[in-house]
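I opened this notebook page to keep track of what I looked up in the structure, entry by entry. The structure itself comes before my notes.

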Amino acid sequence: MSLSPGHPVSRGDAVALGVIATGAVSVAVGAVVAIVTGALSVFADAPQVRLPLQQADIAQLDGVAGIVDARGAAADVVLADPPAGARWLLLLEGALPALATIGVCVVASVLALALMRGRPFRRMIATALAAIAGLVLVGGIASQACGAFGRALVVEDLAARTPELTTILWPFLLDLDLAPIGWSFILALVAGAFAIGSRIQRDTEGLV
């Protein structure tokens with residue numbers, strides 16, 4: 001199917017890009033809802049927090065055929081009055097990745113619209129992709145650190161009244177996931193490709 005100058009993409013491509021843009025906006029809205037829901041949960045009167053256990057035995061599974069040993073990795077604990085600092089750190093644990101998701105979805109929506117207009121290589125897109133790469137990196141790593149320090153504050157507050165809890169709950173545990181670093185590198189490469197493409201597009205237009 002030939003494309004007219006006023007329609008740089010085919011009708012089928014336009015429909016697909018429209019679906020992508022709409023889906024990206026929907027995911028971004030869902031991420032905003034997740035942030036609000038997380039804030040309401042963390043700042044509730046008796047918030048529930050998952051605290052890491054030091055490999056506590058699960059008595060209910062003792063003696064079950066086929067199971068040699070069973071240990072719990074975490075416990076969902078309902079807290080009476082956790083420290084305010086812990087609340088904010090636990091909120092950031094969920095909010096930072098959600099903010100990165102919102103940024104990625106916004107850029108995806110803008111890029112889809114730019115593709116529909118036939119002008120995807122724009123400096124704004126490259127700059128936005130570079131910013132999102134940084135947000136994914138910082139949000140992904142910092143969120144894990146915030147969660148670890150937030151739970152550590154909770155355990156410290158509980159252990160001040162019940163010292164033996166330090167033998168049950170981890171005083172500090174950071175299980176670092178490096179996937180956000182890889183995703184940020186990929187987004188940075190895409191941003192570089194769009195920056196080069198925008199220069200080529202600008203030079204080509206100057207020759208016409």
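Predicted model: local features only at pLDDT ≥ 70, side-chain atom pairs only at ≥ 80, totals over all residues.

**Entry 1**

Residues are numbered from 1 along each chain as its sequence is written, and side-chain values use heavy atoms, with hydrogens and water left out.

I placed I102 in helix α2, residues 84–116; helices (H or I, at least four residues) and strands (E, at least two) are DSSP runs, numbered from the N terminus. Leaving aside residues up to four places away in sequence, I102 touches A28, A31, V32 and I35, a contact being heavy atoms within 4.5 Å. I also noted that the C-alpha atoms of I102 and V27 are separated by 7.5 Å, although these residues are 75 residues apart along the chain.

**Entry 2: the fold**

I listed four helices and two strands for the protein, and from the N terminus on they run α-β-β-α-α-α. Of the contacts in the protein with a separation of 6 or more, 79% are accounted for by residues 24 or more positions apart. Of the 208 residues, 30% count as buried.

**Entry 3: nonpolar cores**

I then asked which residues make up the largest nonpolar core, a core being a set of buried Ala, Val, Leu, Ile, Met, Phe, Trp, Tyr and Cys residues joined through side-chain atoms within 4.5 Å. This core has 12 residues in all: A100, V107, L111, I125, A126, L129, I132, A133, V136, L187, A191 and F194. At least two residues of this core come from each of α2, α3 and α4 (179–207), and the largest share, six residues, is supplied by α3. A second, separate core has 11 residues, among them L51, L53, L79 and A86.

I followed up I132, which touches G103, V104, V107 and L187 when residues up to four places away in sequence are not counted.

How values were computed:
Buried < 20%, exposed > 50% of the residue type's maximum accessible area, 1.4 Å probe, protein only.
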